[in-house]
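User: Hey, I've got a structure open and I'm a bit lost. Can you walk me through it?

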Amino acid sequence: MTPDLECLNLTKGFGDMLAVDDVSFAVPRGSFFSILGPSGCGKTTIMRMIAGFLEPTSGDIHIRGRSVLNTPPNKRPVNMVFQHLALFPMMNVAENIGYGLRRAGMAKPEIASKVDQALDRIGLPGIGPRKVSELSGGQKQRVAIARCMVLEPDVLLLDEPLGALDLKLRERMKVELKALQAAFDTTFVYITHDQSEALVMSDRIAVMNEGRFEQVGTGQDLYYRPETAFVAGFVGDSNRWSGRIERVSGDEMEMRTDSGMLMRGATHDRPLAVGQRADIFVRPEAIRIARSDDDLAHFDNRITGRVESLLFNGAASRILVQDASGSGEIEVNLPQSGEFAGLDRGSEVRIGWSGAQGNCFAAGKA
Amino acid sequence: MRAEAKLGLILLLTPLLLWLSLLILIPHVDMFLVSLRERVGVNEYRISLANYLTFINEPLYLRTFVRTAVMSTIATIITLLIAFPVSYYIAKIARGRVQSALFLLCLVPFWVSELVRTFGWMILLRETGLISNLLQYTGLADGPVEMLYNDAAIMVGLVYTSMLFMVVPLVTTLESLPDEVVEAGYDLGGSWFSILREIIIPHAAPGIVSGSIVVFMLSLGNYLTPTMLGGKDSLWFTELIYSQFIVRFNWELGAAFGFLLLGLSSAIVWGMLKLTGQTLEKTMG
Amino acid sequence: MRHPRTICLSSITISVAMIAAPVSAETLRLLTWGGYAPEDVVAKFEAETGHTVEVTKSNNEEMIAKLRATAGGGFDLAQPSQDRIAGPQEEFGIYKPIDLSKIDATLFIPSMLAATQENTTVGGEVYGVPHVWGTSGLVLDTSMAGMVQDYADLCGEDVAGKVSYRLKRPTLIGFAFSMGLDPFTAYGDEAAYTEIMEQVEAKLIDCKPNVKTYWGGGDELMGLVRSGEVVASMAWDTGGWKLNADNPNITFVAPASGALGWVDTFVLPAKGRADDAAYDWINFVMRPEIAAMITAAAGNFTASQGADEFADDALKARYQASFPPEAIDNIKWYPPVPAGLEAIEGGVLDRVKAAN
């Protein structure tokens, strides 16, 4: 089956600067695809090129197999949910949702029934006559999606639409958006700088940095098997050490950190050589806390340190450990068993993790 | 504490109240009383509506008023048609220095007095003026062309004088329209015309209406431009009022005309607001 | 030169509150025409008397409107034409009588002083003494509009589209005379005057296509004639003489039916506060040598006895060319305008303006 959306060597430059640098990807029909990256990485530029508001410097965009480069935005089978939703304040909800249908020249009664269907679909039946300004944030969100979905686009683009919502609502809308996508069975392309939005909702995620895709994969891929140092650092939290590689044997390696600590890690098939500068990333939840060294005997990295501070956050509580050699603070998840709930600032702890959890990347620009 | 707050309020309001009563209310009341006086002989007056009846019975005055109102309306429409794309460009397309430079360009004519501006147009448009000479020089006209002293010249002058007062409110309202909303219109299949009609104009409506009211009132109350550019056919209602007061010493009729202008122009503005479904609070707020 | 300022809507609101001047050296607030109080004359007067002079330039209608708005306050000396004194005084009471004992009568041409006193007497009191006089007639480019001999000729085919005049009362009067009517004798009879004005109205409406534009100010007229856009116009004598200096073809011509003669006067506003300074000013500017300075600035002759000797020869030559002796005898001097005539004339002027 042809993918709904395919970008081929897409490049966009503004003056000397390349905002999007030779990006290619395909989004299969009916899937939820996210582009995740820090602000200024070029993700909005990609989105605007797909929608037709920007013309690529080079490369091509195919929708259902056909190039849309010469199609103006109002004729593309693509619709967009804008960052601030861009509902038309001068129209009521029904008029907003019916706008595209009116423009397509559909008959009035037909528009009315389509609008009603769409309102049912988003779970807000009967709010058609309401003014946009009377809606809550979440309702606006759903209306904005319905406004696009009545046009049955091949691809729906969403430009950080949850950014303006408060935290609680954002959490709920994540689930709801995923459900809506399933209900409409349409291809969603979602851009965000919020990794949790991307991880929760997406079938596949592209991590973008400085105009390029660093890695494209499922949430699990990105989280557990980052392919670049940037992805390792950007997706999820990590402790990071820089140093020089002292030994490589198969998948295992050892690195001497700048503070002089010897650390074991895994290469995950990346070509790394002795003497090279490298970074090791270790997730806080991969690190175990223990009262005695014996409990950590099976880990090949062990450190003794002092609790610098306690970051209580319910199930996601952490401690910051200052290691004895002074190589900086290490973030460590507290086990949910409550075993270490009595830990105080200043108390001595032992921590350790297996070398396989230490993801090592050759030091680069990231 | 409370007494102090009250005193503060009174002090804050005093200039406004003084201004309103001394410069607006009292002169108007006085003018109204004058307009109700009828001269029956040397230094003999009685209260009557004779001055208002003169306006109704003399078709000339009514016609002049209608003409002034119609011309002002046309001037307002032309100003709007020219100012809208200009404002859209300034508010939405131009960026940074170009934007401020364009805005400044609209402002520049107001650095000289209205008299000088009008003289400028006279220099351009008169028979021995710049445009006439240019046309003859390029061979587009055989003899001198007189472009001054007609309604078109008045129109040019009025539109030119009013432009800024239309551009400012339009730029302000258009700037408050997020680009996203216009893009959303495109994205959902709208053509530029339907976006203009259904999104941009409804959004800019308060600016359009307030700009139109200001331009209409300015044109209606303009004195210099119509008299200087219009020449022998420049009939304008303010000119009538002026001549009643200054030339004819007929303050009674002049005052009546003044009140009729006030009343009729208010009625027209009110009608426009009703017609466009706007309210004064919305347009001025 | 007369410079009626066309723009002064706000004149009504100019109600002036000024600080009282000391008794001996006063501030003279003078409401006058352009050219009647040249700077060198003011400087000389201030040096000699110690008074200070504040000059406000205006025209007949504005002067009266201003004085009416303040019931005769705000100025200490004004200079309306002699025909605009008795009427407004009866109606609005904006002037105060002149104490003739404080005027040096020997400085005046006796016949003019007597005529002006007669014309400005209301209720046995004299309100005006003469200052500057002149005429209005035709300013022609003789190379293009030699055939124009009278106001009515302005409506001829030959000068179509190249004619201008003011839409003010002198035009009505001038046209009436050139049509063989006598408006001045009808002044006292409203019905007769209305009839005359109706005929003039028809004539002016007829004539309208011939007119390029109605001029409003002296500078505007000068511009029109100088550029050749207008070749024949009703205007003041001084305007024609001034243009004659630049272009010998253009000059002032007394029309066949007679030039209209006006006399601008001195009057004391009812609430004037510096009468002594006002009398000082009158007696000062009527001295022959000072009067000649004013003639040089304004272009018109004064009622000062013996000032001719000091006047510029070129100006005298132009005057004599425009006014052969029989033309001087034919000058129609404006009699006082009775109150209320302006309303009749106003209606005529409005209808002419509105006609298409």
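User: Let's start with chain A. What share of the residues in chain A is buried?

Analyst: Buried residues make up 39% of the 366 residues in chain A. Keep in mind that this is a predicted model.

User: Okay. How many helices and strands are there in chain A?

Analyst: Chain A has eight helices and 20 strands. Its C-alpha atoms fill a box of roughly 75 × 45 × 35 Å along the principal axes. Take the contacts in chain A between residues at least 6 apart in sequence: 65% of those join residues at least 24 apart.

User: I can see a sheet there. What order do the six strands of the open sheet in chain A come in?

Analyst: The order is 6-7-8-3-9-10, and the pairing is mixed. Strand 6 (78-81) and strand 10 (212-217) of chain A stand at the edges with a single partner strand each, so one side of each has no neighbour in the sheet. On average, neighbouring strands are turned by 20° against each other, direction ignored.

User: And what packs on that sheet?

Analyst: Helix 4 (residues 137-149) of chain A does, touching strand 6 and strand 7 (155-159) of chain A. The direction of helix 4 makes about 170° with that of strand 6 of chain A.

User: Do strand 3 and strand 8 of chain A run parallel or antiparallel?

Analyst: Parallel: five bridges join strand 3 (residues 32-36) to strand 8 (residues 187-192) of chain A. If you want a pair to look for, Ser34(A) stands opposite Tyr190(A) in strand 8 of chain A.

User: What holds strands of a sheet together in general?

Analyst: Strands of a sheet pair through backbone hydrogen bonds, either parallel or antiparallel.

User: Switching topic. How many residues does the contact between chain B and chain A take from each?

Analyst: It takes 15 residues from chain B and 18 residues from chain A. On the chain B side, helix 8 (179-187) and helix 9 (192-221) are the elements that give two or more residues. Helix 8 of chain B gives the most, with six residues. By class, the chain B side has seven nonpolar, five polar and three charged residues.

User: And how many does the contact between chain C and chain B take?

Analyst: That contact takes 27 residues from chain C and 24 residues from chain B. On the chain C side, the elements giving two or more residues include helix 2 (60-69) and helix 3 (86-92). Helix 14 of chain C gives the most to that side, with seven residues. The chain C side divides into ten nonpolar, five polar and twelve charged residues.

User: Why is helix 2 of chain C largely enclosed by the rest of the structure?

Analyst: Because eight of its ten residues are buried. Among them are Met63(C), Ile64(C) and Leu67(C), but also Glu61(C) and Lys66(C). The cover includes helix 11 (237-247) of chain B, along with helix 3 and strand 1 (27-32) of chain C, among others. Just after helix 2 of chain C, Ala71(C) takes a positive phi of about 55°.

User: Last one: which domains does the assignment give for chain C?

Analyst: Domain 1 (9-133 + 261-329) and domain 2 (135-259 + 335-354). Their centres, taken over C-alpha atoms, are 26 Å apart. In chain C, 18 residues of domain 1 are in contact with 16 residues of domain 2. Helix 3 and helix 12 (313-322) of chain C are the elements that give two or more residues to the domain 1 side.

Conventions:
Residues are numbered from 1 along each chain as its sequence is written. Chains are lettered from A and ligands numbered from 1 in the order in which they are written. This is a predicted model: local features need pLDDT of at least 70, side-chain atom pairs count only at pLDDT 80 or more; totals for chains, interfaces and linings use all residues. Two residues are in contact if their C-beta atoms, placed from the backbone, lie within 7 Å. Helices (H or I, at least four residues) and strands (E, at least two) are DSSP runs, numbered from the N terminus. Ala, Val, Leu, Ile, Met, Phe, Trp, Tyr, Cys and Pro count as nonpolar, Asp, Glu, Lys and Arg as charged, and the others, Gly among them, as polar. A residue is buried if 20 or more other C-beta atoms lie within 10 Å of its own, exposed if 12 or fewer, and partly exposed in between; C-beta atoms are placed from the backbone. Domain bounds come from an automatic or database domain assignment. Two strands pair if DSSP finds at least two bridges between them. Axes are lines fitted to C-alpha atoms, for helices over the stretch in contact, and angles run from 0 to 180 degrees between N-to-C directions.
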